[in-house]
Amino acid sequence: MTQASFLRTFVSSMYFIPISKLRIILIFSSCFISHFLFAQNRCLTHEVHQRKMAENALYTKTFTQENNRILSHDDLTAALVDTTITIPVVVHVLYNTTDQNISDEEIQSQIDVLNEDFAANNASSLDVPVDWIGLVKDSKIRFKLAQRDPIGNKSSGIVRVQTVVQEFQIFDPAIYSTSLGGSNAWPRASYLNIWVCLLEGNALGFANFPGSNVSQDGVVINYKAFGRNGTAVSPYNFGRTCTHEIGHWLILSHIWGDDNSDCTGRDFPITQQTIDDTPNQAGPTFRCQRFPELDDCSPTSPGIMYMNFMDYTDDKCMMFYTPGQIFRMRTTLNGIRDSLKISNGHVLPNFYNHDVAIDSVMNPVRIAVQRCLDPRVRIQNHGNDTIYEVSIIYNLKEGLKKSYKWSGTLIPGASTDVSLPNIGVNPGSQIMEFRIAETDDVGVNNYISSGFKVNNSSTSNCIGGNLIAYPNPVTSQQGICIKSQHPESQLSWVRVFNALGQLVSEKRMMINPGDGIPINLLHFTGGVYFLNVDGDIYSESIRFVYFPSDNSSAGPETCRRRRLGIE
Ligand SMILES: [Zn+2]
């Protein structure tokens, strides 16, 4: 008996009942009516859909286009032999009280229900009446909690947000917004978003059809009707609210066609009669029924299909999707939701032991007004091992190169900002490159660059460098000494350029920290020169002046060890 016919019978019979029995009946009726009111809000997808159709022209256009596309397909066989599609799922738990912060086990129980229901291997499908047993098919649609987040980091597929919102409204954008007390959607192209929270009026849930705002795509389920253990409350504790809403999310209608209980509306429109395998039905069915259940639209056996997932029957009495419904869902997955088929959101990312990455440049970015920059980068440990040292090489595209060794403790997943020794830059457009010197297990995340502009009016006040040259100017000898203050040895090209930028001398040599190295100037004419030391770790130029006289000595053959920085 459907809800409407039960009420009609119940009210008409009241006139003939003695007062002594009325109290029992009133207690019964109050339980029934509270159940009825709760169940009236079993699903608000149709209400959400109607409002969007009235208010949002883009939604109307996108939904109608996709719906029409589905209607133009009727190759039922092709849809059913298709391959298995696994949909990555992210569950956003929005909790105001601790009991709303549902357990991982409860969430997994919901995923299990979805996979059983969509595979038609749920226990209740064994109770499908013999008339329809041939319609029980595996949809080959599966669900798995995400194992990586949208940027590729390992994830449980569960996002927990403690919120000040005590009860979310059905049309409340806060559900989908972290800044408003909800949780931002993960990209719908790669994930099915499920929000679990307390909904106003004890509504059990609703879905957002394709065409909805990208930030609101997915389904929303009351925490009292999610999963099959924990906070799920009878009779909505078999996880079927979520099964039902995902049916909507894949463009299924309610089985009675949302036509206000008359027989004109169908869940399959007239153009899809070839795949329409659900009986015409007047309105929703509540509680559990006994087969056959007849109504005005299907007055003879087998009657209405009240045990279909797209009806309102209690969870434990819902049993299956028909091949026609599976066809519509799979056609949606081959259409507007087809990117989900290639999503790797449910695949565990490869994790390496030693993998440190330069995640972002903090400075310089875009405009740097100081010609003496203090570069800063953020590094992150993407590997399994704790990192204690990272050498970062940074250079301007035009050549000046420096390096810095960071020391500290960076546990897996952690990140830190590293301030690098300052570096002088010329006015104009520049590019600075940063890379990690050590070889690790993943090379692609060891490099980053940043384009920026230096204001012409800024002045350079960088002091110090890796290199010193002495004596400078050179007047009494035919050679100059160079010395590196950099803490690391470097195999270097040592090049001397004249004032015109022409290369006049070139040598390859190892430069160790503190060693004085002689550079012969014997055949050089007097003038201004630039000496450049270039290697993998640092690159630096120094200007010197050479004015030999007739009595200048040769050499130097060796450079005396001097205190660094003192000529
Ligand atoms: Zn519904």
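Asp104 is partly exposed, with a relative accessible area of 43%, where partly exposed denotes values between the limits for buried (under 20% relative accessible area) and exposed (over 50%), calculated with a 1.4 Å probe on protein chains only. The model is predicted, and local features therefore require pLDDT of at least 70 and side-chain atom pairs pLDDT 80 or more, whereas totals for chains, interfaces and linings use all residues. Residues are numbered from 1 along each chain as its sequence is written, and side-chain values use heavy atoms, with hydrogens and water left out.

The side chain of Asp104 meets that of Arg160 in a salt bridge, with an N to O distance of 2.5 Å; a salt bridge is here a side-chain nitrogen of Lys or Arg within 4 Å of a carboxyl oxygen of Asp or Glu. This pair links distant parts of the chain, since Arg160 lies in strand β3 (residues 158-162) and Asp104 in helix α6, 56 residues apart. Arg160 is itself partly exposed, at a relative accessible area of 33%.

A search of the whole structure finds 12 salt bridges. In one of them, the side chains of Glu506 and Arg495 meet at 2.7 Å, N to O. These two residues lie 11 residues apart, Glu506 in strand β20 (residues 503-511) and Arg495 in strand β19 (residues 490-498), and they too link distant parts of the chain. Glu506 is partly exposed at 42% relative accessible area, while Arg495, at 17%, counts as buried. The salt bridge between Glu55 and Arg51 has an N to O distance of 3.4 Å, and both residues belong to helix α3 (residues 45-55), where they are four residues, or about one turn of the helix, apart. Glu55 is exposed, with a relative accessible area of 59%, and Arg51 is partly exposed at 37%.

The zinc ion has as its protein donors Cys43 (SG), His244 (NE2), His248 (NE2) and His254 (NE2), at 1.9 to 2.1 Å. Donors are N, O and S atoms within 2.8 Å of the metal (3.2 Å for Na, K and Ca), and sites may look incomplete because water is not among the atoms. The angles among the four donor atoms of the zinc ion are 99 to 118 degrees, and the site is tetrahedral, a class that for four donors requires all angles to lie between 85 and 135 degrees. Along the chain, the donors follow the spacing C-x200-H-x3-H-x5-H. His248 is buried at 1% relative accessibility, as is His254 at 0%.

The largest nonpolar core contains 51 residues, of which Ile87, Val91, Phe143, Ile194, Phe226, Ile246 and Trp249 touch the most other members. Such a core is a set of buried Ala, Val, Leu, Ile, Met, Phe, Trp, Tyr and Cys residues joined through side-chain atoms within 4.5 Å. Elements giving two or more residues to this core include β1 (85-95), α6 (104-119) and α7 (240-249), and β1 gives the most, with six residues. Leaving aside neighbours within four places in sequence, the contacts of Phe226 include Val91, Ile102, Ile194 and Cys242, contact meaning heavy atoms within 4.5 Å. A second, separate core of 24 residues includes Val356, Ile358, Ile379 and Leu396.

Methods: Tetrahedral: all angles 85-135°; square planar, octahedral: opposite > 155°, others 65-115°.
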